[in-house]
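Me: I would like to learn how to read a protein model step by step. Could you take me through one, giving the general idea before each case?

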Amino acid sequence: MSGLGIAFGAEYRLENYSIHPGEEGSYIGNGAQSFPGFSPDNELDEGRASLAIYTDFEFNLTKQFLIGIAGRFENYSDFGSTLNGKLATRYRLADNFSLRGAVGTGFRAPSLHQEYFNNIATVLVDGNLINGGTFRNDSDIANELGISELKEETSLTLSLGLTAKFSNNFELTLDTYQVNVDDRIVYTGALGNDVFGDPIDELQAILKPLGVSSARFFTNAINTSTKGVDFVLNYKVPLNQGHLNISLLYNHNQTEVDETLNDIPAIFKGQKDVYFGSQERSLIETNNPQDKGILTIDKTGGKIGWKLRNTLWGKVTRDGFPFGDVQEHSSKITTDLTGSYQLNDLISLTIGANNIFNVFPDEQIFENSYFGVFKYAPVQMGTTGAFYFVRLNYQL
């Protein structure tokens, strides 16, 4: 039981979310634009409070075997209480080589905007102005359609890895992990039509009195699993003044959506691909790079310092449904470069550039660009291109 460490604490949090009506001209009729101002019908002022207590114990069961145990109890004013924990271990096989692993549970209450955001927007479909609404899960229409009120997301995380230190200047870590999330909250597709866009009379009869032709909701629709690996390598080269630090970081992960959706209301049983469609699935499974690598060379110490960083962004696949098509965006590499000079003990000057070679994602195909309006989508590293800066630092 040597090396016993104990940590504990408490947290009290207040959250508030409100929507205030905009100018009358922004929402009268069909509104001044596609996303009109908020009307008095959208007005709300909601809040919640949460209280948490947590503790953490860490101790050496033997000289080689370390165990860590953590727990967190939290009470939400709107979602009740939850207790989550984590068990972590590390076993030292040799002085500079260890295995480690952990298992833990997680809890995430829906955000207030997922609970309460609501609005009506106007879109142009085949030359006609069509209204579509986003409605709260505690609204009358949600109740009539059978949409359940939001509940918390829960998770189970497993990880296993190793750490190795080959010398004072050379070390690496390698970890694998899996995260299972149950009752994950998603934003449904526009309900009111079938997968081919044809109106469904039963739904239209419910939606028409509200002045909309489609409805969307935040709902606990899916379970997901994420598997991944993290690799970190650090190498330090001593110099006459300072060090040359070389680091290589790489991550690969893949998220999959379980095929069975949770509690789809009976009225949508034939609309699985609208309730949770290909676009929403793409946002979770393929719209983020599965691979990312960062190689950094950093010179520190002395009057002159510099840093060179290359970032590999893996390919992504974007599904533009219902307005576009499936498009693969190829992997990209961006380069950041900065140099600094220590003018005196208190002042330093830094000159640098992010994405110095002005690399952009692949251009969107016309079908996914909202009829040519958006040339690029921020599918990997954003769409702002190169960014140059000069910074003067003064240290008190």
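**Reading the model, feature by feature**

Reply: Let us begin with the chain as a whole, where buried residues make up 35% of the 396 residues. Please keep in mind throughout that this is a predicted model.

Me: How many helices and strands does the protein chain have, and what does its C-alpha trace span along the principal axes?

Reply: The secondary structure of the chain comes to 5 helices and 19 strands, and the C-alpha trace spans about 75 × 50 × 40 Å along its principal axes. As for the surface, the chain exposes about 22800 Å², of which carbon and sulfur atoms supply 56%.

Me: Which residues have the most contacts inside the largest nonpolar core?

Reply: A nonpolar core is a set of buried nonpolar residues joined through side-chain atoms. In this model the largest one has 23 residues, and those with the most contacts inside it are I141, L145, F217, I222 and F268. At least two residues of this core are supplied by each of helix 2 (140-145), helix 3 (201-207), strand 11 (218-238) and helix 4 (272-275). Apart from this core lies another, of 6 residues, which includes Y17, I19, L112 and F117.

Me: Now for the surface: which residues form the nonpolar patch there?

Reply: A patch of this kind is made of residues with over 30% relative accessible area and no salt bridge. Here L4, I6, F8, F57, I69, L87, V103, L156 and L158 form a nonpolar patch, and together they have about 820 Å² of accessible area. The elements that give two or more residues to the patch are strand 1 (2-19) and strand 8, and the largest share, 3 residues, comes from strand 1.

Me: How many salt bridges does the structure hold, and which residues are linked in a network of them?

Reply: The structure holds 19 salt bridges, and E11, R13, E15, R48, R72, E74, D78 and E115 are linked in a network of them. Within it, R13 forms a salt bridge with E11, the closest N and O atoms being 3.3 Å apart, and the side chains of R13 and E15 meet in another, at 3.6 Å from N to O. E15 is partly exposed, with a relative accessible area of 27%; E11 is likewise partly exposed, at 33%, and R13 is partly exposed at 25%.

Me: What parts of the chain does the salt bridge between R108 and E153 link?

Reply: The side chains of R108 and E153 meet in a salt bridge at 2.9 Å, N to O. This pair links distant parts of the chain, with R108 in strand 5 (residues 97-108) and E153 in strand 8 (residues 153-167), 45 residues apart.

Me: Is Q327 buried or exposed, and with which residues is Q327 in contact?

Reply: Q327, whose place is in strand 16 (residues 326-329), is buried, because its relative accessible area is 9%. A polar atom of the Q327 side chain lies 2.9 Å from the backbone oxygen of E363. Leaving aside neighbours within four places in sequence, Q327 is in contact with V316, T317, R318, E363, Q364, I365 and N368.

Me: Finally, where does A386 lie, and how far apart are A386 and D336 in sequence and in space?

Reply: A386 lies in the loop between strand 18 (347-354) and strand 19 (387-394), and at 21% relative accessibility A386 counts as partly exposed. A386 and D336 are 50 residues apart in sequence and 9.2 Å apart in space, C-alpha to C-alpha. If we leave aside its neighbours within four places in sequence, A386 is in contact with N354, N355, I356 and N358.

Note on methods: Residues numbered from 1 in each chain as written. Predicted model: local features only at pLDDT ≥ 70, side-chain atom pairs only at ≥ 80, totals over all residues. Heavy atoms only, no water. Salt bridge = Lys/Arg side-chain N within 4 Å of Asp/Glu carboxyl O. Buried < 20%, exposed > 50% of the residue type's maximum accessible area, 1.4 Å probe, protein only. Helix = DSSP H or I, 4+ residues; strand = E, 2+ residues; numbered from the N terminus. Patch = residues over 30% accessible without salt bridge, like charges linked within 9 Å, V, L, I, M, F, W, Y side chains within 5 Å. Areas by Shrake-Rupley, 256 points an atom, 1.4 Å probe, with all protein chains shown as cover. Contact = heavy atoms within 4.5 Å. Polar contact = N/O pair within 3.5 Å; in protein donor to acceptor, adjacent residues only side chain to side chain. Core = buried A, V, L, I, M, F, W, Y, C linked by side-chain atoms within 4.5 Å.
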